[in-house]
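This report describes a protein structure for a reader who is new to the subject. Please keep the sequence and the three-dimensional view at hand while reading.

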Amino acid sequence: MDDDVSNSLRRMSTRARKVAPKMAAALASTDNRTQAILARLEALENDNPGAEIVEPNDDDDDAAAASLDEDDDLVFHKKHPKGTKRKTRQAKALETAKKAPRTFLELLHDANLESLPPHVPTYLRAAVGPPSSTCRRHFCTVCGFSAKYTCVRCGMRFCAVRCQTIHNDTRCLKFVA
Amino acid sequence: MSSNVVVVLDNGGGLIKAGIAGERDPATVVPNCTARPLSSKKHLLPDQLLSPTSDLTSAIIRRPFDRGYLINHDLQSTIWSHIFSSLLHITPSSSSLLLTEPLFNLPSIQRTTDEIVFEEFNFKSLFVSDSPSLVHLYEASRRPYDVVSKAQCSLVVDVGFSFTHAAPVFQNFTVNYGVKRMDLGGKALTNYLKELVSYRSVNVMDETFLIDDVKEKLCFVSTDVARDLQIARRRGSDNHFRCTYVLPDGINHTKGFVKDPIEAQRYLKLSENGDLPSQSDETDEADQTEAKSKPSERNKVDLTKNEFSLSNERFLVPEMIFRPADLGMNQAGLAECIVRAVNSCHPHLHPVLYESIILTGGSTLFPGFAKRLENELRPLVPDVYQVKITTQEDPILGVWRGGSLLASSPDFDAMCVTKSEYEELGSARCRRRFFR
């Protein structure tokens, strides 16, 4: 496959070869950018954004103990006589997954509010909806003042060359993947 | 006495307000979460989080609420049982409960809540209410000659922890087809500030409690963003918004604090002095030369002393409530949210609703909030209508006080669902009594 690519590129000029990946990235980027925005909005609702940890669930151990045994029998029937340590850990992980509270969006999906007749006010219909004017102020992501320029690679805003350098050095494309 | 105790529980996503009906203020106001500090393995209960000795550095928080709705019932009942037994000292089996729930609560959540109230705690009876109607009730009783109580309707704007609602209330009932919601509240603002500070100065992504405190103490709503951005751009002491917050060092102080509270309040003087920045500049500068003996060196951030300074972040953070689009959110701002809520009601109600806007919820405590809202709302409202925005004297406790009032009214017992009715009819049928 690599050969194919090099073959097709051989006929192009060197300049086009350099620009092409960037252009391709730029063309595909709108989707990435919306994803990045959504991920960021999601992060604003997160309780522990800095820590990416697995809940240790120390306090729930006693309560979980009873159902843990059942899981052992069901899932790890064959492995039962062998390595106990690994089994417990897996069972524990399963247990946490089962016990973990479901997120609101899951509950909302289950409630199936779309199926209700249109005159019934629901959570979904109470949302305020898009703003009437599409104009949007842009603030520099580095210093916070109004930003004139957009980063060509990731779409974040900056206001001056100084901020652009900082942006490129520290966070450009970090949130777009 | 103990036979007819009514517990009023305003179960918010951020704070739980709990107390006995008939009293003016709730007995306890605690955060609705548990947190585990890095140093220990145990989760601290809500009231322990408030004690000045507890070290909350990088604490991992667990909340029973997600996006304003109750999702973790186990955690919630742990918190409730702690509140009932150790903070309120009541026995649920001999008391009634008035509980608030968010608007448009999902039936599955309601069912589980009923289960906890009746089957786990064995409450004698339950009344479930939504917050806007309680706020309306409280405000109407406080000012009996005002439009709110004469017309029996109001528009309650609740800027809460998880989201913001503009809810028309008519005859003590929330007009649910008129309610409009913005998915932006205090939690998102705190996280936004966290993000800004972490990128620009110190990494505080784990310090929710600390940044909450910074937000409450330093953030304000700007009445003229363009002007304030200009001011924030200046250097040295001309920058009236710059102020420094000192992080806890764990030895001398375990809580962060504002380095110079007088410096932090300078912007208030600025807005009083007039709209022109040049005028306010002169007076302010004059003030400063008189009042300040220290040179501008205090504006420098000393990286060795854990502190960070804020300038434009102070007003750009609450700004998001007015323009969520700036954050990339496809939602209208608060003023437009109010207009849409009013427009979905009967035209006869429009003038009265605009004249009786009540602000409630913790996020309305930012200085300048009401003024800015009025500035934004006025151009959107037909000029024959009056716009009047009232702020509650304590926006955090407003809902609870309304609940306390309702629960001490003589009709309250008749409105409740008793445990035997619940056992007979089940959750869904009982809920109909609350018209929800």
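The model is predicted.

## The six-stranded sheet of chain B

Strands of a sheet pair through backbone hydrogen bonds, in either a parallel or an antiparallel manner. In chain B, an open sheet of 6 strands has the order β3-β2-β1-β8-β9-β19, and its pairing is mixed. The edges are taken by β3 (28-31) and β19 (417-418) of chain B; each has a single partner strand, so one side of each is left without a neighbour in the sheet.

At one end of this order, β2 (residues 15-20) of chain B pairs with β3(B) in the antiparallel sense over 4 bridges. Within that pairing, K17(B) is found opposite V29(B) of β3(B). Helix α17 (residues 398-407) of chain B packs on the sheet and touches β1 (5-11), β2, β8 and β9 of chain B. The direction of α17(B) makes about 155 degrees with that of β1(B). Another helix, α4 (residues 131-142) of chain B, lies across β8 (95-101) and β9 (125-130) of chain B and runs at about 85 degrees to β9(B).

Strand β11 (residues 164-170) of chain B is mostly covered, with 6 of its 7 residues buried. Its pairings are listed below.

| Partner of β11(B) | Sense of pairing | Number of bridges |
|---|---|---|
| β10(B) (residues 153-159) | antiparallel | 7 bridges |
| β13(B) | antiparallel | 3 bridges |
| β12(B) (residues 173-174) | antiparallel | 2 bridges |

Individual residues show how these pairings are arranged. V156(B) has A167(B) in β11(B) as its bridge partner, and A166(B) has K180(B) in β13(B). F170(B) stands opposite F173(B) in β12(B). A hairpin with 4 residues joins β10(B) to β11(B). The hairpin of β11(B) and β12(B) has 2 residues between the strands, and in it Q171(B) takes a positive phi near 50 degrees.

## The three-stranded sheet of chain B

An open, antiparallel sheet of 3 strands in chain B has the order β15-β14-β16. Here β15 (257-258) and β16 (307-310) of chain B stand at the edges with a single partner strand each, so one side of each has no neighbour in the sheet. Helix α7 (residues 208-218) of chain B packs on this sheet and touches β14, β15 and β16 of chain B. The angle between the directions of α7(B) and β14(B) is about 150 degrees. Strand β14 (residues 243-246) of chain B and β15(B) pair over 2 bridges in the antiparallel sense, and Y245(B) stands opposite V258(B) in β15(B).

## The contact between chains A and B

How many residues does each chain bring to the contact? Chain B contributes 58 residues and chain A contributes 55 residues. Together the chains bury about 5000 Å², of which 53% is on carbon and sulfur atoms. On the side of chain B, R67(B), R181(B) and Y199(B) lose the most area to chain A, together 15% of what that side buries.

The interface has 20 residue pairs in polar contact and 4 salt bridges. Helix α6(B) gives the most to the side of chain B that touches chain A, with 8 residues. N191(B) lies in this helix, α6 (residues 186-200) of chain B. The side chain of N191(B) reaches the backbone oxygen of L44(A) at 2.6 Å, and N191(B) is buried, with a relative accessible area of 4%.

## Salt bridges

Over all chains, the structure holds 24 salt bridges. E42(A) lies in helix α2 (residues 14-44) of chain A and R67(B) in the loop between β6 (65-66) and β7 of chain B, so this pair joins two chains. The closest N and O atoms of E42(A) and R67(B) are 3.1 Å apart. E42(A) is partly exposed at 44% relative accessible area, whereas R67(B) is buried at 16%.

Other salt bridges lie inside a helix. In α4(B), R142(B) and E139(B) are 3 residues apart, about one turn of the helix, and their side chains meet at 3.7 Å, N to O. R142(B) is partly exposed at 37% relative accessibility, whereas E139(B) is buried at 1%. Both residues belong to a network of salt bridges whose members include R24(B), D25(B) and R401(B). In α7(B), K217(B) and D213(B) are 4 residues apart, about one turn of the helix; they form a salt bridge with the closest N and O atoms 3.1 Å apart. K217(B) is partly exposed, with a relative accessible area of 40%.

Note on methods
Residues are numbered from 1 along each chain as its sequence is written. Chains are lettered from A and ligands numbered from 1 in the order in which they are written. This is a predicted model: local features need pLDDT of at least 70, side-chain atom pairs count only at pLDDT 80 or more; totals for chains, interfaces and linings use all residues. Side-chain values use heavy atoms; hydrogens and water are left out. Two strands pair if DSSP finds at least two bridges between them. Contact means heavy atoms within 4.5 Å. Axes are lines fitted to C-alpha atoms, for helices over the stretch in contact, and angles run from 0 to 180 degrees between N-to-C directions. Buried means under 20% relative accessible area, exposed over 50%, partly exposed in between (1.4 Å probe, protein chains only). A polar contact is a pair of N or O atoms within 3.5 Å; within protein, one must be able to donate a hydrogen and the other to accept it, and residues adjacent in sequence count only if both atoms are side-chain atoms. Buried area is the accessible area (1.4 Å probe) that two parts lose on being put together, summed over both.
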